[in-house]
Amino acid sequence: MKKTWAAYPYIFWIIIFTIVPMGLLIYFSITVKTPTGTIISMDNFRRFTEPIYLKVLARSLTLAAISTVCCLLLGYPAALFLSSRDLRHKNTMVLLMVLPMWMNFLLRTYAWLTLLERKGLINTLLGKIGIPPLNLLYNDFAVVLGMVYNFLPFMVLPIYSVLSKIDHSLIEAAEDLGADPLRTFLKVRLPLSLPGVMSGITMVFMPAVTTFVISRLLGGGQYTLIGNLIEQQFLTVGDWNFGSAISLMMMLIILIGMGFTSRYEKEQEGGGLW
Amino acid sequence: MKKGFFRILMVVLCISVLAVGCGKKNQVELNVYNWGDYIDESVLQEFEKKYNIKINYDTFTTNEDMYVKVKAGGSHYDILIPSDYMIKRMIDEGMLEKLDMSNIPNYKYIDSKFKNLEYDPNNEYSVPYMWGTVGILYNKKMVSEKPTSWKVLWDKKYAKQILMMDSQRDSIGITLKMLGYSLNSKNPDELEQAKQALIEQKPLVLAYVVDEVKDKMIAGEAALAVVWSGDAVYCIRENPDLDYVIPEEGSNLWFDAIVIPKGTQHKKEAEMFINFLCETDIAYRNADYIGYSSPHTEAVKRLPKEITSSRHAYPQEEDLKKCEVFVDLGSILKEFDRIWTEVKSH
């Protein structure tokens, strides 16, 4: 009895902040405003399949995928390193990894603006050793860099937490049976860490595919990603119906993605921050 | 007993979530919605002190952003400062309150040049705040000869050194001007040409920005930028290498004015605020601080000579000959939205 009462505030919370907004989103996405009134129509979804919007979707997915792969390539070795047993000051290292996240996300992204500018710190230093200024800002590179920088901890932490939970006797057993370090890694550590990798991928890919701040600031407004498109529909154009339809399509894509990873995680013991 | 207490606690918790933010206010609050970087903020504090009214100050980046937010409702603004064509649109849609000019005696200081303009022909809804033009801000060290035409923004020589304005009416407008059309064109052919031109220009553009343009130009990050005249005045003051020009094809002449949206609870206080902004001292401080051109006769007299005689801030009749004021385009605006989305996602 007690337990059900305790759940009410949370149910109330979910209704107000999840169910009702979702209902509104669906309502807006399947209606169209016409001079004679609001009518039910699938026009918004049909519009989303126009080449110009599909191109935006493809670009968002590509950039997010590139960032996720970069995060994985950078993050896995980092997690491996952090989880190794003979590492001294391990907690300090983990703390340093997380520390930038204590600072505001916008500020961190703005900081990159001044670093990458034509007269920014990096180009000034390059100039000192005789390299002409590079165009570092307002291109794919800057956007991917911003994503990787901001989302890297989301990749490292889940992998780290799974790796450090691996029963060390398994590794010892592999070594006792004559496996070299590479073989131990491939046959024991890597398969056991996959759940962490999976949750890392979801946790990086999802914010990366929907971001609009990074592409706005570091892309200079010329990289319309799906997040920018949604923002534009709500804030500049005022077409809530189309904006809602894009948001729903996006949720659908993420849901499918989640379906893949969670099916995988069920087989193994899930790790990570979820 | 214990269980009963627990239930009550949970109910209280639910209610308190609902009740947050419904606190009683005994001080009048004015919600002001203005362009970014568009007022000397110490002026706001002075108003708060003088009248014991709290001001919640909020900013927008483009007229379209402002319109969408106000139209959506739920924002409860008491003061808005949109531009000419947007004011016309809001008047037509019944979104604005008629002003009671007897509460705004300082209106007499506004130069008659800025009264009875097309967007508010009988001066019923708006009080002019600032005016200006759109033009090209360029860095004399990076641009070899003084630009005279919008076409310089399509010159491959300046690839990746051009900053365009992330505002659809302005960017499409100057493109139409470059092509020799009116910036209020509704002709689908002309709009299509403008779209193609903007897409063609995109590889040369460093970024599409609005308020960031000032930092970028002052720091010498770009050679050319499309800016509003007041921003140009501000930038030139900070970096003497910069100069501003209104291209020969003509440009946009604009007026920003203070209005009160329908639904305000504090119309009287809002009118007090408008009157306050029209006090000579306050109008002078704002004009001096933000660099835009004031329609206030007395404030202009107080500004330093080098500003009021400069053709950047106070252009002459001949500079404005080919300039046009934006008019509300009604349903064609959707077309502008589509063009701009297409250009930016190309």
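Reply: From the N terminus on, the elements of chain A run α-β-β-α-α-α-α-α-α-α-α-α-α-α, which comes to twelve helices and two strands. The model is a predicted one, and the C-alpha trace of chain A spans about 80 × 70 × 35 Å along its principal axes.

Two packed helices are described by the angle between their axes and the distance between the axes. For helix α3 (residues 51-83) and helix α4 (residues 90-98) of chain A, the axes come within 9 Å and cross at roughly 150 degrees. Since angles over 145 degrees count as roughly antiparallel, α3(A) is therefore roughly antiparallel to α4(A). On the α3(A) side the contact is made by A:Phe81, A:Leu82 and A:Ser83, and on the α4(A) side by A:Lys90, A:Met93, A:Val94 and A:Met97. Sorted by class, this contact has five nonpolar residues, one polar and one charged.

A second pair in chain A is formed by helix α5 (residues 105-116) and helix α6 (residues 121-128), whose axes are 4 Å apart and pack at an angle of about 25 degrees. Because that angle is under 35 degrees, α5(A) is roughly parallel to α6(A). Here A:Thr114, A:Leu115 and A:Leu116 of α5(A) are in contact with A:Leu121, A:Ile122 and A:Asn123 of α6(A), a set with four nonpolar residues, two polar and no charged ones.

Now to the interface itself. The size of an interface is often given as the accessible area lost when the parts come together. Between them, chain B and chain A bury about 3,100 Å², and 59% of that area is on carbon and sulfur atoms. In terms of residues, 32 of chain B are in contact with 31 of chain A.

Side chains of opposite charge can pair when their charged atoms come close. Across the interface of chain B and chain A, the rule finds one salt bridge, in which B:Lys216 pairs with A:Glu117, with the closest N and O atoms 3.0 Å apart. Polar contacts between chain B and chain A, counted with both residues at pLDDT 80 or more, come to eleven residue pairs. On the side of chain B that touches chain A, the elements that give two or more residues are α1 (2-19), α3 (63-72), β6 (205-209) and α14 (333-345) of chain B. Of these, α1(B) gives the most, with ten residues. By class, that side of chain B has 14 nonpolar, six polar and twelve charged residues.

One lies within chain B, where the side chains of B:Arg285 and B:Glu46 meet at 2.7 Å, N to O. B:Arg285 belongs to helix α10 (residues 280-290) of chain B and B:Glu46 to helix α2 (residues 42-51) of chain B, so this pair ties together parts that are 239 residues apart in sequence.

Methods:
Residues are numbered from 1 along each chain as its sequence is written. Chains are lettered from A and ligands numbered from 1 in the order in which they are written. Side-chain values use heavy atoms; hydrogens and water are left out. Axes are lines fitted to C-alpha atoms, for helices over the stretch in contact, and angles run from 0 to 180 degrees between N-to-C directions. Angles under 35 degrees count as roughly parallel, over 145 as roughly antiparallel, 65 to 115 as roughly perpendicular and the rest as oblique. Contact means heavy atoms within 4.5 Å. Ala, Val, Leu, Ile, Met, Phe, Trp, Tyr, Cys and Pro count as nonpolar, Asp, Glu, Lys and Arg as charged, and the others, Gly among them, as polar. Buried area is the accessible area (1.4 Å probe) that two parts lose on being put together, summed over both. A salt bridge is a side-chain nitrogen of Lys or Arg within 4 Å of a carboxyl oxygen of Asp or Glu. A polar contact is a pair of N or O atoms within 3.5 Å; within protein, one must be able to donate a hydrogen and the other to accept it, and residues adjacent in sequence count only if both atoms are side-chain atoms.
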